[in-house]
Amino acid sequence: MTRLMTDRRSFLASSVSLAAASMVSSGGSRTRAAEQDSTKVSDSQKSPVCIFAKHLQLMPWTELAEFCREIEVDGIEATIRGGGQVEPQDAAEKMPQLSESLAATNTRIVVMTTDINSPESPHAEAVLRTAALLGVTHYRMAYYRYDLSQPLLPQLSAFARQANQLAKLNHELGLTGVYQNHAGSSYVGGPLWDLQMVLRDIPSSDIAVAYDVRHATVEGNLSWPIDLAMIRDRIGTVYVKDYRAVNGKIENVPLGEGDVSEALFKSLRQQPPPGPVSLHMEYISHTDPKQVAACADAYRKDRQTLRRLLGV
């Protein structure tokens with residue numbers, strides 16, 4: 001805590017310092033250990049639940065805060081990246097404003113999505129140090145991508161070195177970076193075994209896996225139980241969304257109406273990973289202002305389904 005207080009004085013602008021200090025004095029910012037102790041005291045074993053804010057980025061922050069309270073989630077997976085709710089270069093000024101808007105309805109930034117996969121990523125320290133001061137504990141990293149024209153194992157070694165450097169910064173700040181497995185032909189983490197290789201020497205408290213049930217099923221098909229068993233101990237967040245394969249093409253669909261197996265949800269329900277659950281919704285455009293209401297309705301429906309599937 002002493003190091004973070006020093007960082008606050010030396011790094012952030014005065015407006016951020018005041019906002020962060022206000023949050024700390026009201027109990028809004030807690031260490032990871034304190035957060036765990038609070039969970040024990042409350043006897044709540046349910047993971048925090050948030051909604052991925054990409055599809056509601058065009059909604060005013062105060063309305064978004066009210067919406068989170070309406071559908072009974074703990075907050076949002078905020079998009080602190082290029083084209084997101086907050087541009088990375090504006091994080092020190094605007095993230096406290098977003099956090100304050102959410103706090104008005106007793107909700108918060110549960111996870112943040114970033115463009116960061118290295119300490120050298122643009123604005124990485126500004127974003128991460130601001131997040132730490134605001135009490136954010138988890139952030140989604142940017143992806144590593146293969147060059148399929150080159151041998152893969154040396155690339156994995158290079159990605160592992162990069163991840164280790166980032167893990168050191170995360171450890172200093174008390175943050176957990178999470179790397180999302182993603183479907184596709186060039187993503188590190190698509191098959192999950194490679195992600196285990198990249199992260200094997202890093203404590204999962206510093207970098208963990210954002211286990212995406214949709215992508216894991218697309219890539220794993222019938223072998224998803226093997227992949228899940230291999231990666232389970234490294235899961236730091238669970239991402240929930242659904243898809244359907246139609247004539248050889250992948251289509252995003254409402255939660256519970258697609259091909260993600262109920263057995264997968266049962267497995268996660270019986271052995272819940274630590275950390276947040278983030279509800280994603282990818283079957284309506286997020287760029288059309290006229291679709292914001294439809295996106296909100298979709299989240300309302302998927303939120304109910306999430307309760308049934310995971311009990312959170």
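1. Let's start with the rings: across the whole structure, a search finds four aromatic pairs. Here, rings of Phe, Tyr and Trp (its six-membered ring) pair if their centres lie within 6.5 Å; planes under 30 degrees apart count as stacked, over 60 as edge-to-face and the rest as tilted. One of the pairs is Tyr 143 with Tyr 187: the ring centres are 5.0 Å apart and the planes meet at 70°, so this pair is edge-to-face. Tyr 143 sits in the loop between strand E4 (138-140) and helix H7 (152-173), and Tyr 187 in the loop between strand E5 (176-180) and H8, so the pair ties together parts that are 44 residues apart in sequence. Helices (H or I, at least four residues) and strands (E, at least two) are DSSP runs, numbered from the N terminus.

2. A word on where this comes from. This is a predicted model, in which local features need pLDDT of at least 70, side-chain atom pairs count only at pLDDT 80 or more, and totals for chains, interfaces and linings use all residues. Residues are numbered from 1 along each chain as its sequence is written, and side-chain values use heavy atoms, with hydrogens and water left out.

3. Back to the rings, with a stacked example. Tyr 144 and Phe 159 form a stacked aromatic pair, 4.9 Å from centre to centre with 15° between the planes. Tyr 144 is in the loop between E4 and H7, while Phe 159 is in helix H7, 15 residues apart. Tyr 144 counts as buried at 3% relative accessibility, and Phe 159 is buried too, with a relative accessible area of 12%. Buried means under 20% relative accessible area, exposed over 50%, and partly exposed in between (1.4 Å probe, protein chains only). Ring pairs link Tyr 143, Tyr 144, Phe 159, Tyr 179 and Tyr 187 into a cluster.

4. Next, have a look at Asp 194, in helix H8 (residues 193-199). The side chain of Asp 194 does make a polar contact of 2.4 Å with that of Tyr 146. A polar contact is a pair of N or O atoms within 3.5 Å; within protein, one must be able to donate a hydrogen and the other to accept it, and residues adjacent in sequence count only if both atoms are side-chain atoms.

5. Now the salt bridges, where a side-chain nitrogen of Lys or Arg lies within 4 Å of a carboxyl oxygen of Asp or Glu. By this rule there are 11 salt bridges. One of them joins Lys 54 and Glu 282, with the closest N and O atoms 3.2 Å apart. These two residues are 228 residues apart, Lys 54 in the loop between strand E1 (49-52) and helix H4 (61-70) and Glu 282 in the loop between strand E10 (277-279) and helix H12 (292-310). Lys 54 counts as buried at 15% relative accessibility, whereas Glu 282 is partly exposed at 24%.

6. Helix H12 is worth a visit too. Glu 70 and Arg 300 meet in a salt bridge (2.5 Å, N to O). Glu 70 lies in helix H4 and Arg 300 in helix H12, so the pair ties together parts 230 residues apart in sequence. Glu 70, Asp 297 and Arg 300 are linked in a network of salt bridges.
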